[in-house]
Amino acid sequence: MTAATAHGTGTSGTRDLSWRTGFEIELLAPAGSDRLVLAERLAATHRGDVVRSFHTDSEPSPVAGVETFRHLSPAFGVLDASGAPVARLVDDVTIRADLDGTGTRGHRGWYRVLSDDGRLLRLVERHADPSAPLASVLDPVAALFGVTVDVRPGSARVNDGAGATVAVALPLPPGRERPCEVVTPPIVAGHRAALARLLAPARELGFTVPHEAAVHLHLDAGPFRRPAAFANVVRLFGWWREHLWTALGTNTACRRLGPLPAELLDLVSREPADGPDAWGTLAADARSTGLTKYADVNLTQVVAADPLRDTLEVRILPGSLDEDAIVRDAALVEALLRRCLDDDRPLPRPAAGTPVDVRSALTDLQDLLRS
């Protein structure tokens, strides 16, 4: 028994969601295809358009003395006939295992723009045309610095007047056109049907679930900006981590997951502060615990003083191309988070020393909902 079977099987047994939810679903295009193929199919289905843009990501740098390279890669937004967003299809650098030996460098002339400074990359994104060819994409950036672009076979570089590199454009590495993270706008109702309209075309085109895949949920952060509710969320993903991973079938090959900081669990175990700024005090203290977005639950925007994205992000759902399974897993998460909003009922710890298998994990979580 899995989290999916706990909520029924088949379309008729699928429980839909009641909260506004955004999804990030990691897929893989078949060899020789790419995420633009799916974008064009979705646009045709919705009688809309595809708009090319840049997607920002980062990864460890192979260059000595540079810790991280940030880059812009080809992304494709799908709009319906009215101009409303349907989905955005982007790369995901954590998808790697299935790419070995596939693809060609610079597929379709696609490229990445790299920089070791996030501020400079944001400047590039603001001024560069994502549809421009590699040789000229950095021309507007060079004009800002009063220099010219150094264009060579297979690369373009902008250095400032002192010779320091601003950004470099290089052909997309082989296979990097195939990862396809489907990012939905917030879905208010009819979640299963909305996901089916995205995933059915992907299945028809031969897209698959990559080895490292996950599904992420984005939920409104506002309800969790209360000390008792926030403490319950921390207890849920801290104390009940093994149960959640087992019940949901979290992909152990998925990258960028991890436990919440022990300091955060200690923080919510203390007597909560009183007064009109109790939440502000707790949020500031939480920010100092080493909280990171690359955890089972991303709470960074919940406690941020000035959130960039006003969501709580759950990152431990397994990868899937099945809208029924995704919604059933999300329904379990939604029910548990709803339980966290009960300010008068702190979540208890799970019983110590009890073996955790799928059946017992689901039973314990269902008991937790009633506790």
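Author: Start with strand β2. It gives the largest share of the lining of the largest pocket, five residues. Keep in mind that this is a predicted model.

Reader: Which residues lie nearest the centre of the largest pocket?

Author: His-55, Thr-56, Lys-293, Tyr-294 and Arg-309 do, out of 37 lining residues.

Reader: How does the lining of the largest pocket divide by class?

Author: Count eight nonpolar, twelve polar and 17 charged residues.

Reader: Now the helices. At what angle do α6 and α8 pack?

Author: Read the angle and the spacing together. Helix α6 (residues 227-239) packs on helix α8 (residues 262-269) at about 135°, and their axes are 10 Å apart. That angle makes α6 oblique to α8. The crossing of α6 past α8 is left-handed.

Reader: Which residues of α6 and α8 meet?

Author: From α6, find Phe-230, Ala-231, Val-234, Arg-235, Gly-238 and Trp-239. From α8, find Leu-264, Leu-265, Val-268 and Ser-269. This contact has seven nonpolar, two polar and one charged residues.

Reader: Next pair. How far apart are the axes of α7 and α11?

Author: They are 11 Å apart, for α7 (residues 241-248) and α11 (residues 323-340). The packing angle is about 155°. Angles over 145 degrees count as roughly antiparallel, and α7 and α11 are therefore roughly antiparallel to each other. Helix α7 passes α11 in a right-handed crossing. On the α7 side, Leu-244, Ala-247 and Leu-248 make the contact. On the α11 side, look for Asp-329, Leu-332, Val-333 and Leu-336. By class, that is six nonpolar, no polar and one charged residues.

Reader: What about α11 and α12: is their crossing left-handed or right-handed?

Author: Left-handed, as α11 passes α12. The axes of α11 and α12 (residues 358-370) come within 9 Å and cross at roughly 40°. Helix α11 contributes Leu-332, Ala-335, Leu-336 and Arg-339 to the contact. Helix α12 contributes Leu-362, Leu-365, Gln-366, Leu-368 and Leu-369. Seven of the contact residues are nonpolar, one is polar and one is charged.

Key: Residues numbered from 1 in each chain as written. Predicted model: local features only at pLDDT ≥ 70, side-chain atom pairs only at ≥ 80, totals over all residues. Heavy atoms only, no water. Axes fitted to C-alpha atoms, helices over the stretch in contact; angles between N-to-C directions. Helix = DSSP H or I, 4+ residues; strand = E, 2+ residues; numbered from the N terminus. Parallel < 35°, antiparallel > 145°, perpendicular 65-115°, else oblique. Left-handed = near helix turned anticlockwise from the far one by under 90°. Contact = heavy atoms within 4.5 Å. Nonpolar A, V, L, I, M, F, W, Y, C, P; charged D, E, K, R; others polar. 1 Å grid on protein atoms, 1.4 Å probe; cavity = no way out; pocket = protein on both sides within 12 Å on 5 of 7 lines; lining within 4 Å.
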